[in-house]
Amino acid sequence: GAVVSQHPSRVICKSGTSVKIECRSLDFQATTMFWYRQFPKQSLMLMATSNEGSKATYEQGVEKDKFLINHASLTLSTLTVTSAHPEDSSFYICSARQLHPVSEQYFGPGTRLTVT
Amino acid sequence: AQTVTQSQPEMSVQEAETVTLSCTYDTSESDYYLFWYKQPPSRQMILVIRQEAYKQQNATENRFSVNFQKAAKSFSLKISDSQLGDAAMYFCAYRRGGSNYKLTFGKGTLLTVNP
């Protein structure tokens with residue numbers, strides 16, 4: 001159990017365009033999901049906390065107008081990178097919080113974004 | 001703010017041997033959780049082991065065990081009988097207790113297992 005999926009696994013987009021990444025909890029409901037960014041050979045950096053039915057909470061230094069998060073249902077959160085630039089190229093990972101039977105976070109497989 | 005420090009950027013171990021990865025953390029909270037996550041080349045984050053701060057007994061999961069020293073704020077991971085599949089980046093992570101589920105990660109330790 002406790003499977004989290006992300007789509008797409010890889011995406012290449014042109015500078016100035018927007019790209020959407022989906023995070024789904026497949027076998028449980030997640031009122032809270034998290035979005036992380038990971039640069040090569042570095043740790044995970046929390047970008048924002050996504051709460052179902054309410055606005056996301058962004059970490060300090062993360063541009064909320066650039067990284068739009070929508071958590072419209074208990075199993076789906078989306079991250080949209082708007083007006084992408086090459087410096088937005090990174091590995092984006094989501095996690096979903098499961099409450100029952102064990103209260104814990106489970107991670108998706110990640111999305112590799114390359115902006116050309 | 002909570003911080004998590006992993007002082008070993010890289011470690012190596014011979015297959016079937018034992019290796020210990022170090023982690024220290026800083027917090028003023030009394031209710032918290034500590035984790036070790038494994039990130040293999042596939043980049044999928046996998047929970048290896050979890051420790052509740054209120055538990056004195058060290059957590060164990062098969063070949064993986066921790067040495068939790070609460071007073072010293074130390075949380076090391078011991079991998080026994082190392083296998084080639086254990087090769088990965090290992091992250092130590094901290095989470096406060098309560099409803100805030102935000103994780104704070106260390107910088108990671110890259111473990112190489114030599115045949």
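Over all chains, a search of the whole structure finds 10 salt bridges, a salt bridge being a side-chain nitrogen of Lys or Arg within 4 Å of a carboxyl oxygen of Asp or Glu. In one of them, Glu59(A) pairs with Lys102(B), and the closest N and O atoms are 3.0 Å apart. Glu59(A) lies in the loop between strand 6 (57-58) and strand 7 of chain A, and Lys102(B) in the loop between strand 10 (88-96) and strand 11 (103-105) of chain B, so the pair joins two chains. Strands here are DSSP runs (E, at least two residues), numbered from the N terminus. Side chains of opposite charge can pair when their charged atoms come close.

The model is predicted, with local features needing pLDDT of at least 70 and side-chain atom pairs counting only at pLDDT 80 or more, while totals for chains, interfaces and linings use all residues. Residues are numbered from 1 along each chain as its sequence is written, chains are lettered from A and ligands numbered from 1 in the order in which they are written, and side-chain values use heavy atoms, with hydrogens and water left out.

The meeting of the two chains comes next. Chain A brings 20 residues into contact with 18 residues of chain B, where contact means heavy atoms within 4.5 Å. About 1,600 Å² is buried between chain A and chain B, and carbon and sulfur atoms give 51% of this area. Buried area is the accessible area (1.4 Å probe) that two parts lose on being put together, summed over both. In chain A, the residues that lose the most area to chain B are Ser43(A), Glu104(A) and Phe107(A), which together account for 31% of what that side buries.

Across this interface the rule finds 3 salt bridges. Between chain A and chain B there are also 8 residue pairs in polar contact, both residues at pLDDT 80 or more. A polar contact is a pair of N or O atoms within 3.5 Å; within protein, one must be able to donate a hydrogen and the other to accept it, and residues adjacent in sequence count only if both atoms are side-chain atoms. On the side of chain A that touches chain B, two or more residues come from each of strand 4 (32-38), strand 5 (44-51), strand 9 (90-98) and strand 10 (104-107) of chain A. By class, this side has 9 nonpolar, 7 polar and 4 charged residues; Ala, Val, Leu, Ile, Met, Phe, Trp, Tyr, Cys and Pro count as nonpolar, Asp, Glu, Lys and Arg as charged, and the others, Gly among them, as polar.

Within chain A, 4 strands form an open sheet in the order 1-3-8-7, with antiparallel pairing. Two strands pair if DSSP finds at least two bridges between them. Strand 1 (4-7) and strand 7 (67-73) of chain A are the edge strands, each pairing on one side only. Strand 7 and strand 8 (residues 76-81) of chain A pair in the antiparallel sense over 5 bridges, and a hairpin joins the two through 2 residues. Ser73(A) has Leu76(A) of strand 8 as its bridge partner, while Asn70(A) stands opposite Thr78(A). Elsewhere in chain A, a cis peptide bond joins His7(A) and Pro8(A), with omega about 0°. Pro8(A) lies in the loop between strand 1 and strand 2 (10-13) of chain A.

Chain B has its own hairpin to explore. Strand 8 and strand 9 of chain B pair in the antiparallel sense over 6 bridges, and Ser65(B) has Lys78(B) in strand 9 as its bridge partner. This hairpin has 4 residues between the strands, and Lys73(B) takes a positive phi near 55°. Most residues other than glycine have a negative phi, and most peptide bonds are trans. Strand 9 of chain B is also joined by 3 bridges to strand 3 (residues 19-21) of chain B, and the two run antiparallel. There, Leu21(B) stands opposite Leu77(B) in strand 9.
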